[in-house]
Amino acid sequence: MSPRRGPGFLRAAYEVARKDLVLEWRTLETISSTGLFALIVLVVFNFAFDLGTLRTVGVDKIVPGVLWVTFAFAAIVGFARSFQIERRRESMTALLLAPVDRGALFAGKSAANLALLTLLQVVLLPLSAVLFDWDLVAAGPAIFGVVFLHTVGLAQLGTLFGAVVSRLHRGEALLATLLLPAATPLFLSAVRTTAAVLSGEGLASERHWLLVTAGFDVLYFLVALLTFEFVLED
């Protein structure tokens, strides 16, 4: 009798992502905490920059920074909770005993984090358009494409560092310390390309930033695949 083989990489990643999303759908713990945090940050910024200031300075000078500060810190809250839930339920041990590639575990959890962040951004972008008086229809699919491209890399880094700090007591502060410097190239690109969309200039002049971001997305994914096994077992 041949030994039982585990599922393939894609099937295992899909099952891990589905498990995380079903669990989140039942509890709404992560999406509620990150959503509330992001809403408070947007409202605070809205009070700091009134409409007169926005029209004088220009939304393309203020809104990109506001959006990406909000996305970054809301994401940190979500990444920290992702592995806390696994540890609290002691389900991480079961995942590690399962006959699946550790890279598939990373890919699945990263995909789940990406889905939750994307859902949050789909809500926050129209809300920010109302609060900061910018034209979501004119920005069109470009703004969603820019946000998604940069969120892919952010989700990969956050998943990797979330696994690192989940083994530590009160590791949330360390998560921000690790994630924010590593994600700095993504944030620089995100602010530049978001500003280009909001100003109406289009993305043609910022094509190099998009290519750099796509390269970082691939680099982060490969590095995480190679190191995730050691992160979980050390």
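Predicted model: local features only at pLDDT ≥ 70, side-chain atom pairs only at ≥ 80, totals over all residues.
## Aromatic pairs

Let us begin with the ring-bearing side chains. The count of aromatic pairs comes to five. One of them joins Phe-45 and Phe-49, whose rings are stacked, with 6.4 Å from centre to centre and 10° between the planes. Phe-45 has a relative accessibility of 22%, so it counts as partly exposed. Phe-49 is partly exposed too, at 25%.

How are the rings of Trp-68 and Phe-71 arranged? This aromatic pair is edge-to-face, with centres 5.1 Å apart and planes at 90°. Both residues sit in helix 4 (residues 59-88), and because they are three residues apart there, about one helical turn separates them. Trp-68 is buried, with a relative accessible area of 4%, and Phe-71 is buried as well, at 3%. Elsewhere, Phe-106, Phe-221 and Phe-228 come together as one aromatic cluster.

## A closer look at helix 10

Helix 10 covers residues 207-233, which makes 27 residues. At 1.5 Å a residue, this helix should span 39 Å, and its end C-alpha atoms are 40 Å apart, so the two values agree. Where does helix 10 bend? The bend is at Thr-227, and the angle is about 45°.

The buried ones are Leu-210, Thr-213, Asp-217, Tyr-220, Ala-224, Phe-228, Val-231 and Leu-232.

## A nonpolar patch on the surface

Leu-36, Leu-39, Ile-40, Val-43, Val-44 and Phe-47 form a nonpolar patch on the surface. Together they have about 580 Å² of accessible area.

Is Val-44 buried or exposed? Its relative accessibility is 53%, so Val-44 counts as exposed.

## Salt bridges

Side chains of opposite charge can pair when their charged atoms come close. How many salt bridges does the structure hold? There are seven. In one of them, the side chains of Arg-18 and Glu-15 meet at 3.3 Å, N to O. These two are three residues apart in helix 1 (residues 9-27), so about one helical turn lies between them. Arg-18 is partly exposed at 43% relative accessible area, and Glu-15 is partly exposed at 26%.

Lys-19 forms a salt bridge with Asp-20, and the closest N and O atoms are 2.5 Å apart. Lys-19 is partly exposed, with 30% relative accessibility, whereas Asp-20 is buried at 11%.

Another salt bridge brings together the side chains of Arg-55 and Asp-133, at 3.2 Å from N to O. Which parts of the chain does this pair link? They are distant ones, 78 residues apart: Arg-55 is in helix 3 (residues 51-57), while Asp-133 is in the loop between helix 6 (102-132) and helix 7 (136-165). Arg-55 has 61% relative accessibility and so counts as exposed. Asp-133, at 40%, counts as partly exposed.

Methods: Residues numbered from 1 in each chain as written. Heavy atoms only, no water. Phe/Tyr/Trp six-rings, centres within 6.5 Å; stacked < 30°, edge-to-face > 60°. Buried < 20%, exposed > 50% of the residue type's maximum accessible area, 1.4 Å probe, protein only. Helix = DSSP H or I, 4+ residues; strand = E, 2+ residues; numbered from the N terminus. Expected span 1.5 Å × (residues − 1). Bend = angle between axes of the 7 residues up to and from the residue. Patch = residues over 30% accessible without salt bridge, like charges linked within 9 Å, V, L, I, M, F, W, Y side chains within 5 Å. Areas by Shrake-Rupley, 256 points an atom, 1.4 Å probe, with all protein chains shown as cover. Salt bridge = Lys/Arg side-chain N within 4 Å of Asp/Glu carboxyl O.
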